[in-house]
Amino acid sequence: SDILDGCCGSGGFLIEAMALMTSQVKQRNDLSNVEKNGIIKIVKNNHLFGVEANPEIASVARMNMYLHGDGGSNIYSTDCLDKEILIEEGENQERKRDTEQLKDLLIEQEKTFDIILTNPPFSMKYSKGDQNENRILSSYEIGKLGDSIKSNILFIERYGDLLKEAGQLVTIIDDSLLNSINDRKYLKYLREKYIIKQIISLPFNTFKNAGTSTKTSILFLRKKTTPDEQQPDIFMSICNNIPFTRYNKSCSLSNVCSN
């Protein structure tokens, strides 16, 4: 499977995905050690992709991936929400290179992904009052629904473009998308494009280490195969507690979900 995180931060989701995929290969009894090592190398080099707008954090992600055995370094420092993937004026050589490589991957090669794991920023917005942000908004169907739109809502459409047919999206979302009357137009768009498989409500303290108590949920979505595909029953659950380490840091998302 090809896996993407379009706002990968320091690479945590990709590292968890890499660990899970390599573990599954190692558990296969029908493969020799040489075959296992070959498959694991292919997974690490060719099937994990990340995009991070902040170049310093992108560098941290590359280092984290390298330290966990990733040999591909498919981490790009640019704005994943820019569908045109343009090089902005004043960008340094490293960011220009990343933008050009991502443009070749997503536009020229038309790369799409089986699974997207992501935790987009909650507070960032794109406004039609800003020239560059308006350029980006004008390329979105969702962009017609408001003058200022949160990036985590824009990512719902962006990831739909980047998913293969019936591809899966696991994302953390601000609960306003699910509960706010003003945001129902965005929820309507989501339901037109995706099948909602699961909603797991997270407690207020989930992201306390990031300095926010925003109420969030995990959405498990699948891209619709046809526009008239009907929504089945949705699995819904409430997570009342998030485990923290003795250093007061929250455990990984995979540990949270397993509990």
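Predicted model: local features only at pLDDT ≥ 70, side-chain atom pairs only at ≥ 80, totals over all residues.
Start with the empty space inside. Rolling a probe the size of a water molecule over the atoms shows where such space is left. Searching the whole structure turns up one cavity of 30 Å³ or more, and the volume of the largest cavity comes to about 30 Å³. Its lining is made up of Leu4, Phe49, Val51, Tyr76, Cys80, Leu102, Leu105, Leu106, Phe113 and Leu162. Two elements, strand 2 (48-51) and helix 4 (93-108), each give two or more residues to this lining. Helix 4 provides the largest share, with three residues.

Two packed helices are described by the angle between their axes and the distance between the axes. For helix 3 (residues 55-67) and helix 4, the axes come within 11 Å and cross at roughly 70°. Angles of 65 to 115 degrees count as roughly perpendicular, so that is the label for how helix 3 and helix 4 sit relative to each other. Their crossing is left-handed. On the helix 3 side, the contact is made by Pro55, Ser59 and Arg62, while helix 4 brings in Glu94, Arg95, Arg97 and Asp98. Sorted by class, the residues of this contact split into five charged, one polar and one nonpolar.

Helix 4, then, gives three residues to the lining of the largest cavity and also makes a contact with helix 3.

Methods. Residues numbered from 1 in each chain as written. Heavy atoms only, no water. 1 Å grid on protein atoms, 1.4 Å probe; cavity = no way out; pocket = protein on both sides within 12 Å on 5 of 7 lines; lining within 4 Å. Points joined across faces, edges and corners; volume = space filled by probe spheres on them. Helix = DSSP H or I, 4+ residues; strand = E, 2+ residues; numbered from the N terminus. Axes fitted to C-alpha atoms, helices over the stretch in contact; angles between N-to-C directions. Parallel < 35°, antiparallel > 145°, perpendicular 65-115°, else oblique. Left-handed = near helix turned anticlockwise from the far one by under 90°. Contact = heavy atoms within 4.5 Å. Nonpolar A, V, L, I, M, F, W, Y, C, P; charged D, E, K, R; others polar.
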